[in-house]
Amino acid sequence: MRAVADALRAADRIALVSHRDPDPDTIGSALALGLALERMGKRVSWHCADPVPDAIRFLACADRYSQAAPSADVDLVVCLDFGEASRAKFALPAGPKVADIDHHATNTAFGDANFVDVTSAATGEMVGRLIDALGVAWTPDMATAALVAIMTDTGSFQFPNTDARALERAGMLREAGADLQAITYNVFRNKRFEALKLWGFAFSRLVREAGGLLVWTWIEDADLGHAEASEEDLSGLVEQIARSKGMRVALLFSGVGRDVKVSCRTSAATPSVDAAALMAQFGGGGHVRAAGALIPSAGPDAQLAIRERVLTAAREALDRARQPA
C-alpha cells in the first residue's frame, strides 16, 4: 500500500481504469479514490472499455467515465479490481507507470507498484485503507462509492468473505455519510422490467444435477431481443441461480457473437469446489466462491461444445470434492 500511496502522491495527472464488464467494486473503488485524489489537487480521469452499469450511475462522477483508453501523457495509470492488464480490454499506454489495486487470488502483479490483498473482501475496502493512508477526509460521495463496492462484493454481507474489516469499514463509511438508501434502492431493489423478463428465460431452462449439487442454465442470444434487454441485465442472475437449495456449483452460460461467458458461484459447504480453480481451466479466474471465464467460440455448435466442456469439468470437480480425504 505504501508503494501505491507514494506513486499517487508523486503524480499530477492520474488515470483510473476499471475492468471490462464492470461491476460495482471496480467502479465504486475508482470513483472513491478519484474523488479523494481530486481533493488532493490531482487531475483525474476515469476509464472503462464498457459502459458503467445503469444501477450504479447514480454515483457521483460516474458520468465522467470514458470508454477510451488513458492517454500516454498521464503520470500514472491505476488499475482497480483486476489482476492482469488484459482485463482492461483496451491496451494500457506504454509510457506511464502503472499501479495495481486488487484482491483477486489470480493477480499477476503486473503493475510497477502493486497493492494486492487476497484476504480483502473487496477492492473498495482496500481503497478505504489507502484513502486513510493518504490523509484525505471522507465526503459522503466518496463514502457512498466505497460502500457500494463493499456491499456488492460481500453480497450485502452475506458471502463468506465478509470479515471484521469489511464490517468495520462499512460502519466508518456510514458515519462519513454514505447514502445506504440510495445504494439499496438503485442496486438491490430497482431491477429493470426487461431484466426480469430476461431472467425468466434462464429460470425456465434451469437444470439440476447430482442431487442438486450442480445447478446450471443458459441465456440464448435471441432472449435479449425477446426481452428487449441488454447483456448488462444479466448482472446478478447467477447469484439467484446459486440460491437453489443444496447447490455447491452454479453456472450461467451466456454469450453474444463468438464468446461464451461463464459465471460461476460455489458454496463453502461440503463438498466444496474452488470456483477460481474451475474457471482457470478455461482461461478465467476470480475468487474461491465467485469466478468467471470468457471463452472464444466459433459459432453455435462450438458454444454447445464449450458448455459441455465446462459442465464436465464441474462434474469432475464435484466428484473429487466428494472423495474422502
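A: Pairing is read residue by residue: two strands pair if DSSP finds at least two bridges between them, and in this predicted model the bridge partner of leucine 76 is lysine 97 in strand 5. Strands (E, at least two residues) and helices (H or I, at least four) are DSSP runs, numbered from the N terminus, while residues are numbered from 1 along each chain as its sequence is written. Local features need pLDDT of at least 70, side-chain atom pairs count only at pLDDT 80 or more, and totals for chains, interfaces and linings use all residues; side-chain values use heavy atoms, without hydrogens and water.

Q: Which strands does strand 5 join, and how many bridges are there?

A: Strand 4 (residues 76–80) runs parallel to strand 5 and is joined to it by five bridges, whereas four bridges join strand 5 to strand 6 (residues 113–116), also in parallel. Aspartate 102 stands opposite valine 116 in strand 6.

Q: Why is strand 5 described as largely enclosed?

A: Because five of its six residues (97–102) are buried, strand 5 is largely enclosed by the rest of the structure; buried means under 20% relative accessible area, exposed over 50%, and partly exposed in between (1.4 Å probe, protein chains only).

Q: Which residues of helix 1 are buried?

A: In helix 1 (residues 2–10), Val4, Ala5 and Leu8 are buried. They span an arc of only 100 degrees around the axis, taken from the directions from the axis to the C-beta atoms, so they lie on the same side of helix 1. The face turned away from that buried side carries the exposed Arg2 and Ala10.
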